[in-house]
Each structure stands twice: as C-alpha cells, then as structure tokens.
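Reader: I am new to reading protein structures. Could you walk me through this one, step by step?

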Amino acid sequence: MSGSIQLAPPKRPHMRRLSSRDAQREDLASAMGPTVVVPPKHLMAPSDAHEVASAMETARHELAEQRDAASTPPSPADTSVTDRYAYAFDIDGVLIRGGKVIPEAIEAMRMLNGENPYGVKVPYIFVTNGGGKTEQERCIQLSQQLEMEVSPGQFICGHTPMREMAQKYKTVLVVGGEGEKCRHVAEGYGFKDVVTPGDIIKDNQDTTPFRKLTEEEMKHSRARNFGECEIDAIFVFADSRDWASDQQIILDLLMSKNGRLGTRSETFDEGPPVFFSHNDVVWSTSHDLTRIGMGALRVSLEAMFLAVTGKPLTTTAFGKPQIGTFEFATRLLQQWRKDTHGINQPPDTVYFVGDTPESDIRGTNEFNAKAENTWYSILVRTGVFREGTKPKYEPKVTVDTVLDSVKHGMEREYKKQLKEASAQSENTQTIAE
C-alpha cells in the first residue's frame with residue numbers, strides 16, 4: 001500500500017448568474033467571484049452561450065490573481081468547444097451600430113454557440129476601443145442586445161490596460177464619458193484619488209468661461225482646493241462631451257508646474273503625462289457618415305499645445321492598434337485553453353473581426369507578424385469601411401457582415417481539418433505498405 005498522499009485537483013470557483021434585466025454595475029463590481037449576465041429567459045435553463053461565457057470569466061479572474069503559470073490548473077471538463085481557434089470581435093460597427101444590434105450579429109453568435117453544420121462550439125471575446133463604461137456595464141448592455149449570456153471576463157476595453165497604472169499615480173484627472181461613469185471606472189480599477197473636469201470647474205468657474213455646470217453636475221462634482229494639490233496624470237477614458245472645456249483644463253495642467261492648477265511652467269515640460277484609451281480618429285454610429293472620435297481629440301490637443309507653447313506634445317494611446325491590447329487578449333485565451341483543454345498555449349488561430357482598417361486591421365496584422373500563433377484579420381462592411389475605397393491596411397478577407405465572417409472562419413477551419421485528416425490517412429497507409 002502506497003504511503004503517498006493524493007492531492008485533490010483545485011476546484012473551479014462557483015459561477016454567479018445575474019439577470020441582464022435587473023443587474024446593476026454595482027452588483028457585478030461587488031461580486032467576489034466570477035459572474036455571468038443572463039437574459040431572464042435563460043435563468044432557469046442555461047443557453048448554449050453559457051459554457052464560453054463562464055469559462056472566459058474564470059480565466060479572466062485567474063489572470064487578475066496572477067497565478068503562477070506552473071501551478072496545476074483545475075481538471076479540464078468535458079466540452080464541445082474547440083480549442084483550435086477562437087474569435088475576437090470589435091463591437092461598434094461589427095455587432096452594434098448606433099446602439100442597435102446589427103441583425104446578422106445574433107445569428108453569428110448562435111453559429112459560434114453550436115448552431116452550425118460542423119457540430120462544434122467556438123470560443124469568443126470582445127475587444128473594443130469604446131470606453132466610458134466599466135466592463136461590467138458593457139457586459140449587461142451586450143447581453144441584452146445579443147439576447148445571450150455574456151460575462152465581464154469576455155471584454156477587453158480600450159482603457160482596460162490602464163488598471164495596471166493605478167499603483168503608479170495617486171491623484172489623476174479622468175476625462176470623457178457621461179456623468180460620473182469614468183470616475184467609477186477609474187475607482188473600480190483601483191485609482192485612489194480621481195478628479196473630473198467638473199470638480200475643477202466647481203472649484204473655479206472662471207476656468208471655462210463658456211461652460212457652466214448644470215445643477216446635476218454641481219451636485220455630483222466634488223469640492224476641493226486645486227491650488228493645494230498636484231495632479232500626477234491625465235487619463236482620457238472616453239470621448240469628450242465638451243471638447244472646449246476638457247482641452248482647456250488639460251492644457252492648463254500640461255503647462256503647469258508639476259500638475260498644480262494656477263501655475264505656469266517656464267519650460268512647458270513639467271506637466272503630467274496624458275494617456276488616451278484609444279486612437280480612433282473616426283467611428284461608426286447611427287449617422288450615415290462616420291463621426292470623429294478620441295483620436296481626433298488627441299490630434300487637436302497636440303496641435304494646440306504646439307501652437308501655444310511652440311513645443312511638441314508626446315501622448316500615449318492604448319487600445320487598438322496598440323500591441324498591448326492584443327497581448328492581453330492572447331493571455332486571456334491561453335488561460336482559457338489551459339483551463340478547459342489542459343493546453344498551456346493560445347488557440348492556433350484567432351479570427352479578429354473589425355470595421356476600422358486603421359485600428360482593427362492594422363493592429364491584427366502587426367500583432368500577427370510577431371505572435372507565436374496566427375491572428376487572421378477580417379474586415380466587415382457594416383461600419384467605418386465603405387465599399388469602393390481601398391483600406392490603408394489590407395485584411396486577409398473583406399466580408400459584408402459579421403455572420404459572413406463567422407461562416408468564413410468556420411469553413412476555413414473545417415477544410416484545414418479535412419486536409420490534415422487526409423494527410424494523416426496517407427501517412428498511415430504508407431507505413432502499412
């Protein structure tokens with residue numbers, strides 16, 4: 001009889017399920033473990049989307065806990081979800097346009113969740129430059145729009161990597177978005193002292209001569225003396241709702257001495273650094289033509305700083321096409337594959353579906369050039385890109401809708417498997433002879 005002790009494999013954390021109709025951001029933010037947002041009709045009986053949503057949520061929590069890569073993962077469960085390839089989707093212009101779901105998006109998700117001729121489920125995540133809301137809020141919204149189960153762990157927003165800077169900067173100015181949402185995002189990331197433009201205007205209403213706070217804004221803005229504090233960094237989390245005011249305040253800080261409002265640097269190089277959650281100059285909305293976005297604000301700010309100071313301004317952007325976003329997505333998919341299939345490598349191929357050549361396609365192609373696995377770029381015609389124009393960054397393939405992108409990838413993978421099976425059969429026959 002052996003005297004060795006058999007250790008039980010680690011247990012998977014309990015998965016919490018919340019109704020997309022009733023769930024609030026606070027419910028997900030306060031959850032101690034992984035959580036999936038569920039349309040009410042699927043609360044009693046999980047849908048086909050449950051397996052991928054819950055597995056990605058678990059993987060995301062494990063990444064956040066920074067577990068040792070050499071540690072023993074939970075025993076892989078029986079699954080019909082393929083480990084060979086995965087999908088990563090942009091949201092605006094691909095799945096959603098102007099706040100409304102693109103009709104083909106729902107069928108595309110159903111195909112990935114098993115309603116296809118190949119008898120397979122395919123994992124997927126959402127990689128979006130859209131910001132101003134927490135990953136939890138985006139999760140609730142998309143679950144309602146796509147009528148399926150979604151988890152916060154499946155979302156990578158443009159400002160998601162900013163959470164890693166919470167320990168570096170103490171007092172930060174957060175710009176953009178609706179109301180106090182960006183402050184909530186930053187505080188949720190762990191930033192200790194978060195300031196908004198409203199706080200600064202409340203302290204000194206002459207800061208922005210053409211902008212007065214509404215009663216609601218005055219109520220939520222926090223009173224403090226900005227002549228006695230220094231702002232260490234500026235984060236543009238989402239599109240500005242008031243360019244004139246936000247740029248005035250940012251310029252004041254950039255030209256200040258060490259981020260103290262009311263002061264002026266003699267060299268104009270003592271101000272705090274500026275970070276943007278993405279660099280998209282245009283994006284797709286319900287309007288017939290594209291609208292300017294955060295990248296345009298960045299260009300404008302840099303031009304104004306040069307005009308006022310005579311010096312160039314260096315800013316930093318996250319999101320697509322920056323490599324860090326794709327690296328994070330790869331780590332998430334690798335952790336998922338390790339948990340579900342016991343393979344500590346990312347899927348062989350990741351199909352990235354986007355509508356913006358300058359961010360989605362460029363980022364995918366540039367990351368593919370350095371990645372150990374294949375990142376395959378697919379451009380859809382439902383967003384920024386328009387037929388008849390030649391994109392500056394060429395995708396592997398251009399299709400009409402997100403549904404066509406799913407059909408293309410699944411058919412391509414099926415043909416690859418047939419080819420591999422045929423080659424293996426020929427090798428076996430040759431050995432037998």
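Predicted model: local features only at pLDDT ≥ 70, side-chain atom pairs only at ≥ 80, totals over all residues.

**A guided look at helices, sheets and cores**

Reader: In what order do the strands of the 6-stranded open sheet run, and which are the edge strands?

Author: The pairing in this sheet is parallel, and the order is E7-E6-E3-E15-E16-E17. From one strand to the next, the twist averages 25 degrees. The strands that pair on one side only are the edge strands, E7 (155-157) and E17 (397-399).

Reader: What angle does the direction of H11 make with that of E16?

Author: H11 packs on this sheet, where it touches E15 and E16. Comparing the direction of the helix with that of E16 gives about 160 degrees.

Reader: Which residue in E6 stands opposite Phe89?

Author: Start with the two strands, E3 (residues 85-89) and E6 (residues 124-128), which run parallel and are joined by 3 bridges. Across from Phe89, the residue in E6 is Phe126.

Reader: Which residues of the largest nonpolar core touch the most other members?

Author: In general, nonpolar side chains tend to be buried together in soluble globular proteins. The largest nonpolar core here has 58 residues. Those that touch the most other members are Tyr87, Phe89, Leu95, Tyr124, Ile125, Phe126 and Trp375.

Reader: What is Trp375 in contact with, leaving aside its neighbours within four places in sequence?

Author: Let's zoom in on that tryptophan. With those neighbours set aside, the contacts of Trp375 are Ala88, Phe326, Ala329, Thr330, Val350, Phe352, Thr364, Phe367 and Asn368.

Reader: How many residues are in the other core that lies apart from it?

Author: This separate core has Ile231, Val236, Leu251 and Val274 among its residues. Its total is 26 residues.

Reader: Why is one side of E9 and of E14 left without a neighbour in the sheet?

Author: These strands belong to an open sheet of 5 strands with parallel pairing, in the order E9-E8-E10-E11-E14. Strand E9 (193-195) and strand E14 (316-317) stand at the edges, so one side of each has no neighbour in the sheet. The reason is that each has a single partner strand.

Reader: Which helix packs on the sheet and touches E10, E11 and E14?

Author: Within the sheet, 3 bridges join the parallel strands E10 (residues 233-236) and E11 (residues 274-276). There, Phe235 has Phe275 of E11 opposite it. The helix packing on this sheet makes about 155 degrees with the direction of E11, and it is H9 (residues 294-309).

Reader: Is Asn258 buried, partly exposed or exposed?

Author: Asn258 is found in the loop between helix H8 (243-254) and E11. Its phi is near 60 degrees, a positive value in a residue other than glycine. At 43% relative accessibility, Asn258 counts as partly exposed.

Reader: And is Phe268 buried, partly exposed or exposed?

Author: Phe268 is also not a glycine, yet has a positive phi of about 60 degrees. The loop between H8 and E11 holds this residue. Buried would require under 20% relative accessible area. Because its relative accessibility is 24%, Phe268 counts as partly exposed.

Reader: Are H2 and H10 roughly parallel or roughly perpendicular?

Author: Helix H2 (residues 50-64) packs against H10 at an angle of about 115 degrees, with the axes 9 Å apart. Angles of 65 to 115 degrees fall in one class, so H2 and H10 are roughly perpendicular.

Technical notes: Residues numbered from 1 in each chain as written. Heavy atoms only, no water. Core = buried A, V, L, I, M, F, W, Y, C linked by side-chain atoms within 4.5 Å. Buried < 20%, exposed > 50% of the residue type's maximum accessible area, 1.4 Å probe, protein only. Contact = heavy atoms within 4.5 Å. Pairing = 2+ DSSP bridges. Helix = DSSP H or I, 4+ residues; strand = E, 2+ residues; numbered from the N terminus. Axes fitted to C-alpha atoms, helices over the stretch in contact; angles between N-to-C directions. Parallel < 35°, antiparallel > 145°, perpendicular 65-115°, else oblique.
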